[in-house]
Amino acid sequence: PVTATSHTASTKVGTSSATSILGWFAFGDASIDAAAKSGGITKIHHVDEESTAVLGIFAKYKVYVYGE
């Protein structure tokens with residue numbers, strides 16, 4: 001995980017993502033706050049991330065928030 005807190009329950013999952021093309025154009029919101037809101041999470045247990053890049057042409061970053 002990217003970060004963790006002392007909260008013990010993680011019954012919900014929220015995600016957010018951002019996409020970049022050529023490093024010039026970026027779309028989306030890959031913030032922890034956006035992911036928590038998408039999953040209806042008020043108490044964060046932990047955060048994880050996933051990234052994909054293709055030869056510097058295309059990149060995608062996705063954030064997962066677990067909590068209650």
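**Group meeting: a contact of S16 and its surroundings**

Let me begin with one atom pair: the side chain of S16 comes to 3.5 Å from the backbone oxygen of D29. This is a polar contact, meaning a pair of N or O atoms within 3.5 Å; within protein, one must be able to donate a hydrogen and the other to accept it, and residues adjacent in sequence count only if both atoms are side-chain atoms.

The model is predicted, so local features need pLDDT of at least 70 and side-chain atom pairs count only at pLDDT 80 or more, while totals for chains, interfaces and linings use all residues. Residues are numbered from 1 along each chain as its sequence is written, and side-chain values use heavy atoms, with hydrogens and water left out.

S16 belongs to strand β2. Helices (H or I, at least four residues) and strands (E, at least two) are DSSP runs, numbered from the N terminus. S16 is buried, at 7% relative accessibility. Buried stands for under 20% relative accessible area, exposed for over 50%, and partly exposed for what lies in between (1.4 Å probe, protein chains only). Leaving aside residues up to four places away in sequence, S16 touches D29, A30, S31, A34, A35, Y61, K62 and V63; contact here is heavy atoms within 4.5 Å.

Now to the overall arrangement. The protein has one helix and five strands, in the order β-β-β-α-β-β from the N terminus on. Its C-alpha trace spans about 40 × 20 × 15 Å along the principal axes. Of the 68 residues, 24% are buried. Among contacts with a separation of 6 or more, 59% join residues 24 or more positions apart.

Which residues make up the largest nonpolar core? There are seven: A30, A35, A36, I41, V47, V63 and V65. Such a core is a set of buried Ala, Val, Leu, Ile, Met, Phe, Trp, Tyr and Cys residues joined through side-chain atoms within 4.5 Å. Helix α1 (32-38) and strand β5 (58-67) each supply at least two residues of the core.

I turn next to the surface. The protein exposes about 4,500 Å², of which carbon and sulfur atoms supply 59%; accessible areas come from the Shrake-Rupley method with a 1.4 Å probe, and for residues only the protein chains shown count as cover. I21, L22, W24, F25, F27, V54, L55, I57 and F58 form a nonpolar patch with about 1,000 Å² of accessible area together. Patches are made of residues with over 30% relative accessible area and no salt bridge, with like charges joined within 9 Å and nonpolar side chains (Val, Leu, Ile, Met, Phe, Trp, Tyr) within 5 Å.

L22 sits in the loop between β2 (12-21) and β3 (25-28), and its phi is positive, near 60°, in a residue other than glycine. L55, in the loop between β4 (44-54) and β5, has a positive phi of about 50° and is exposed, at 79%.

Finally, the charges. Side chains of opposite charge can pair when their charged atoms come close. How many salt bridges does a search of the whole structure find? It finds one, between the side chains of D33 and K37 at 3.3 Å, N to O. The criterion is a side-chain nitrogen of Lys or Arg within 4 Å of a carboxyl oxygen of Asp or Glu. D33 and K37 are four residues apart in helix α1, so about one helical turn separates them. D33 is partly exposed at 47% relative accessibility, and K37 is exposed at 63%.
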